[in-house]
Number of protein chains: 2
Amino acid sequence: MESPFLLACRRQPVPHTPIWLMRQAGRYMPEYRAVRDRFSFLDLCHNPEASAEVTVTAVEKLGVDAAIIFADILLILEPLGVGLEFGPGHGPIIHRPVRSRADVDQLPEIDVAEHLSFVFEAVRLARRELPAHVPLIGFSGAPFTVASYLIDGRGSRTYVHTKSLMYRDAGAWHALLGLLVRATASYLNAQIAAGAQAVQLFDSWVGCLSPADYREFVLPHTRALIESITPGVPVIHFGTDTAGLLEALRDAGGDVIGVDWRIDLDAAWARIGYDRAVQGNLDPLALLAPPDEIRKRVRSILTAVEGRPGHIFNLGHGIIPETPVDHARLLVDTVHELSAR
Amino acid sequence: MESPFLLACRRQPVPHTPIWLMRQAGRYMPEYRAVRDRFSFLDLCHNPEASAEVTVTAVEKLGVDAAIIFADILLILEPLGVGLEFGPGHGPIIHRPVRSRADVDQLPEIDVAEHLSFVFEAVRLARRELPAHVPLIGFSGAPFTVASYLIDGRGSRTYVHTKSLMYRDAGAWHALLGLLVRATASYLNAQIAAGAQAVQLFDSWVGCLSPADYREFVLPHTRALIESITPGVPVIHFGTDTAGLLEALRDAGGDVIGVDWRIDLDAAWARIGYDRAVQGNLDPLALLAPPDEIRKRVRSILTAVEGRPGHIFNLGHGIIPETPVDHARLLVDTVHELSAR
C-alpha cells in the first residue's frame, strides 16, 4: 500500500493524517548534536554517510510519515565561489554577494552533477536505509529565496539589496533567476533520480514581497522550475508570511501548498482551492507549550480541515532548537491518534 | 475646513488622498541626521524642543498631510527600570527582560505623568509650531509588540521567550498585558490632552501570531486599550504580516486599520469591511525604485481603492534609512497629483 504521505500529496484518502516536521533532523535532537560534535555544518552536508544517518535517525526517533534529506538550501551556491559561510552564532553569510548586472554576468552556470554529487549520494544512502514504507523527500530553495541570500549576503529584515536589484535592474534580476531555475531543476531532478519520491521547494522568505511584485518578478521563474520537475513526482511549494500571496503561489504551481501558522488553515485552503493539497500549519513555537496545549492546537487544526483528503500535517516553519524532543514526539503521536480513521 | 487626513479617518470625501509616512522624521533625512549629530537617540527623545523640531521639519520637507510626534514605542518601558538601551548598529535592547511570573509581579505601575512628561511637552511644542491645517498624530506601541521587546529583550525572529511565557503562564501574560494597557491608555490620552488629534497604535510584530493566539492572548487587551482612548479621536490600528489577521485586528478596534504591502489593499479592505478606513500600503523598499516605477506603484494602489472615501496613503512600514529623500517627496507629490478630485 502506498504511504499516507504520498496518498495525501495526491489528495487520496488516508488511514491517518501524515505528518513530518521541517528541520526534523536538527539541533533540538541529541542524536543530531552528537553528530555535529564531529562535523561542522558544511562538513556534515558534504558527507553523504553522515547526512543519510541524521536523515534516518530523525524518522526513527519521531515516528514521522516521511523523511527529508539532510542538506541546506544554499549548497547550490557553493559552485559559484561567492564565499558561503555557516559560522557559529549567526545564519549563513555570502562574503561576495551579487549586486549588479556585472556581478550576475560573471556567474558561471552551476554544474550540479559535478559539484553536488554528495547530495545525490546522501539521497541514495538514505533511501537504502529507510524502511520501504517511509518516503524520502528531496528539496531545494526556490529561486527567490536563494537569490535573496545571494544578493543581500545574509538573512535580512528589509531585503534592501535584493529589492534594489529587482526594482532597478529587472534584466539582471531575471537573468539571475533564470540561472537559478536551470540549476535548481537539474538539482531536484537528480535528487529524484537518486531516490527522492517527492520534492519540497522552500520559498521561505518570499512573503516579503507584495502580490504584484511576486507575480512580476518571481512567479514566472517558480512556474518554469516546477514545470521542469520530473512528471509524477509530487511537488510541495512552501513559503512563510504568504497569507496575502496564497493564490499567486498556487498559480506558480505545486501539488501541495505549504501554509504557515499566520492564517487559519481552512481559510487558506479555501483560497488556494481544493484541487491542491495543503501542508501545515502549527506554529513551531507551540511545541514549547505544555502537552495539553499542544493537543488542543493539533485538534483545532485537524478539525478545521476534517473530512477532506489532502492534508499533510507539519509545522508552519522549521522546528526550533529550544524544542523539547518529547514534545515533538507527542505532536506526531497526537496527530496519528486524533486523525485515525 | 477639516484636514484631508482627519476627513479620511472618518471616511468622508477628501479633495485628495492624504498621505504621511511612518518614520517620516528619520535617518534617511539630512536634517534629522544633523540633529542626531548633537543627540543620542534617547537624548533626542527626551528633549521636547529637539523632538518637536524633527517632527515639524519632516512635514515641511515632505509636504505630507499629517505630522507624527517623534518618539519611540519603548519609551514607556523606561520607568520599569529594565535597562532599555538603543545602541549604534543594533535595534533596542532590554538588559533585564521580563520572563517569569515573579518578574511580572515585581514590575511597578507606570506613572506616565511623572515619567513621560517630555513626550507631552514635545506634543505641545510641535502642535504650536505646525501649520493649523496639519494634524498631529500621537502614538504608542500596542501591548503585544511592547511586551515582545520586554520579554525577548530585543528584536527576535522567533519570539521564543514571548511565546514561551504566553503558552506556559497565561496568568503572568495577562497580568503583564493588563499593566501595559493601563499605562498605554494614560499615555495616549495625555498625548491627546497635549494636542494630538489622532493616535496610532503600532502592533508592528503581532503578525508572528496565529489568528487563534491573537484572539486569545492579544485581542481583549488591545480592545480594552482602544476603548479607553478619548472618544472622538481617530485611532489607527497598525500591524505588519497581518494578512491572515485582518478580521481579528478589526474586531479589536480602530477607526483606521493599517495594512502592509504583503496583501493587495482592495482585498484587505474587503476583508476588514467598509465601515473602517484603511491606511497603506506601499512597500517601503519601493522607494528605492526609479521614479517611473514609484509612480506606477502609487497609481496601482490608488486605482485599487478608487472612489471609496477612507483611504490614507502610507508605506506598509517605516521608511528605511537608504531611501533617497527625493523619492519620498516624489511619492507625496504623486499621491496628491494622481488623487486630486
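This is a predicted model: local features need pLDDT of at least 70, side-chain atom pairs count only at pLDDT 80 or more; totals for chains, interfaces and linings use all residues.
Residues are numbered from 1 along each chain as its sequence is written, with chains lettered from A and ligands numbered from 1 in the order in which they are written. Local features need pLDDT of at least 70 and side-chain atom pairs count only at pLDDT 80 or more, while totals for chains, interfaces and linings use all residues; side-chain values use heavy atoms, leaving out hydrogens and water.

Two packed helices are described by the angle between their axes and the distance between the axes. Helices here are DSSP runs of H or I with at least four residues, and strands are runs of E with at least two, numbered from the N terminus. Axes are lines fitted to C-alpha atoms, for helices over the stretch in contact, and angles run from 0 to 180 degrees between N-to-C directions.

In chain B, helix α7 (residues 117–129) and helix α10 (residues 170–194) have axes that come within 8 Å and cross at roughly 30 degrees. That makes α7(B) roughly parallel to α10(B), a label for angles under 35 degrees. Contact (heavy atoms within 4.5 Å) brings B:V119, B:F120, B:V123 and B:R124 of α7(B) together with B:Y187, B:A190, B:Q191 and B:A194 of α10(B). This contact has six nonpolar, one polar and one charged residues, where Ala, Val, Leu, Ile, Met, Phe, Trp, Tyr, Cys and Pro count as nonpolar, Asp, Glu, Lys and Arg as charged, and the others, Gly among them, as polar.

Helix α8 (residues 143–152) of chain B also packs on α10(B), at an angle of about 115 degrees and with the axes 10 Å apart. From α8(B), the contact involves B:P143, B:F144, B:V146, B:A147, B:L150 and B:I151, and from α10(B), B:W173, B:L176, B:L177, B:L180 and B:V181. Here the count is eleven nonpolar, no polar and no charged residues.

Turning to the backbone, most residues other than glycine have a negative phi, and most peptide bonds are trans. The bond from A:G280 to A:N281 is cis, with omega near -5 degrees, and A:N281 lies in strand β8 (residues 277–282) of chain A. In chain B, a cis peptide bond joins B:G280 and B:N281, with omega about -5 degrees; B:N281 is found in strand β8 (residues 277–282) of that chain. A:R11, although not a glycine, has a positive phi of about 60 degrees, and sits in the loop between α1 (4–9) and α2 (30–36) of chain A.

Definitions and conventions. Angles under 35 degrees count as roughly parallel, over 145 as roughly antiparallel, 65 to 115 as roughly perpendicular and the rest as oblique.
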